[in-house]
Amino acid sequence: MVRFLHTSDWQLGMGRYFLSPEAQARFTGARIDAIRTLCRIAIERECRFIVVAGDVFESNHLDRQVAVRALEAMRASAVPIYLLPGNHDPLDASSIYRSPTFVTNCPPNVVVLDGPIVEAVAGVDLVPAPWITKRPTADPLTAAYALDANASRLRIVVGHGSMDYMPRGEKDPPPISLSAVEQLIERGAAHYIALGDRHSRTAVGASGRIHYSSAPEPTDFDETDPGHALVVDLRPGAVDVQTVDVGTWRFERRAFQLAGESTVNVLREWLAAMSQKDRTVVRVALQGTLTLDCRAALEEALAQATDAFASCELDGNIDDLLVLDEDEAFDSLRLAGFAATTLEELLATVRADSDSAATARDALVLLYRLARDAA
């Protein structure tokens, strides 16, 4: 029996357009921290080695500092780490794995799966299926399908890519054949298929021996089960796969139907209830109608969330929610002088529905908030 840690899709150096520079720095740091977490888990669970099934790096062209810090984190591992080039970091002419930065700083316990079968530990072989281009023309596991049956040693095929039953676009590269990998298992040519590319934890087929580990940190809203690694106990006749939580970031989204102050409070309470806001990205979709005072309350809630969360995005246009009741809203504030004149000019611009209407509407909300707070 051998126990090892299966992980993938570290995508070190990944940037997210919706993060501020400060939040992006924390997001990048969390991905380096995930390496240390995975190494710690491997030691605690007595794993013999770590397999990273592709997309170790976000790109073959990334900041030197990210690569060096990642390799230093791997250097501290007490177990060997095997890295498979994937679609983000393929073994092409510009491969990061052949760069002076990587070659100079790569520690002896880190091995790139860039060639033939590798002996991981006594009696256990890794069968790599590295990407050698970003646009392959065949199933990335094609070479592995020729493995001889009834292997005398434990074989772990390490691959990267989507399965042929999963949704894909017209321009996506050829997928991995589900029937072909299942046949590998059935005829004893391989005992486990360690896959990457899918950021959500996914078991494939009925054998219990084909798995996507998920990305150790989530990267987007459409990932259903990210933030894990797999501890695998492997024997010729049995396998046990345990999921271990790794992720520290979250992506949360929710739609709200707004119809007054009470529904704005529901949104405010949802935001307030979340922990680790500095590592949480939220996206809010809003529908319905709002009066001016409710829109002011909504903007205050969103402004607080923007300060507290790693990112707070709004789907749609907040102006689409507004039902103008400015006359009633401002009557209670009893504006006079310059403020009253400004109010009339803004109302006229909004009602004229000119190109400046949206700007005037924003100014009305700000005027309302300032006048209300001063009242």
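**Labels and their cut-offs**

Guide: Let's start with Thr 280, which sits in strand 14 (residues 280-288). Please keep in mind that this is a predicted model, where local features need pLDDT of at least 70 and side-chain atom pairs count only at pLDDT 80 or more, while totals for chains, interfaces and linings use all residues. Residues are numbered from 1 along each chain as its sequence is written, and side-chain values use heavy atoms, with hydrogens and water left out.

Visitor: What makes residues 280-288 a strand?

Guide: Strands are DSSP runs of E with at least two residues, and helices are runs of H or I with at least four, both numbered from the N terminus. Residues 280-288 form strand 14 on that basis.

Visitor: Why is Thr 280 called buried?

Guide: Its relative accessible area is 1%. Buried means under 20%, exposed means over 50%, and partly exposed lies in between (1.4 Å probe, protein chains only). So Thr 280 counts as buried.

Visitor: Which residues does Thr 280 touch?

Guide: Contact means heavy atoms within 4.5 Å. Not counting residues up to four places away in sequence, Thr 280 touches several, including Trp 249, Arg 250, Met 274 and Phe 309.

Visitor: Where does Asp 55 lie, and what is its phi?

Guide: Asp 55 is in the loop between strand 2 (50-52) and helix 2 (64-75). Its phi is positive, about 55°, although Asp 55 is not a glycine. At a relative accessible area of 1%, Asp 55 is buried.

Visitor: How do you know that Asn 87 makes a polar contact with His 160?

Guide: A polar contact is a pair of N or O atoms within 3.5 Å; within protein, one must be able to donate a hydrogen and the other to accept it, and residues adjacent in sequence count only if both atoms are side-chain atoms. The side chains of Asn 87 and His 160 form such a pair at 2.7 Å. Asn 87 is in the loop between strand 3 (81-83) and helix 3 (100-105). Leaving aside neighbours within four places in sequence, its contacts include Asp 55, Trp 131 and Asp 197. At 18% relative accessibility, Asn 87 counts as buried.

Visitor: What links Thr 101 to Arg 64?

Guide: Their side chains make a polar contact at 3.0 Å. The two residues are 37 apart in sequence, yet 6.8 Å apart in space, C-alpha to C-alpha. Thr 101 lies in helix 3 and is buried at 16% relative accessibility. Phe 102 is found in helix 3 as well, and is buried at 3%. Among the contacts of Phe 102 are Phe 57, Leu 71 and Val 112.

Visitor: Is Arg 36 buried, partly exposed or exposed, and what makes it so?

Guide: Arg 36 has a relative accessible area of 44%, so it is partly exposed. Arg 36 lies in helix 1 (residues 21-44), and its side chain makes a polar contact with the side chain of Asp 33 (2.9 Å).

Visitor: Now the whole chain: why is it called more spread out than a compact globule?

Guide: The protein chain has 9 helices and 15 strands. Its radius of gyration is 27 Å, well over the 21 Å that the globule rule gives for 375 residues, so the chain is more spread out than a compact globule. The radius is taken over C-alpha atoms, and the rule is 2.2 Å times the number of residues to the power 0.38. Along the principal axes, the C-alpha atoms fill a box of roughly 90 × 40 × 40 Å.

Visitor: How many of the chain's residues are buried, as a percentage?

Guide: Buried residues make up 51% of the 375. As for contacts with a separation of 6 or more, 73% join residues 24 or more positions apart.
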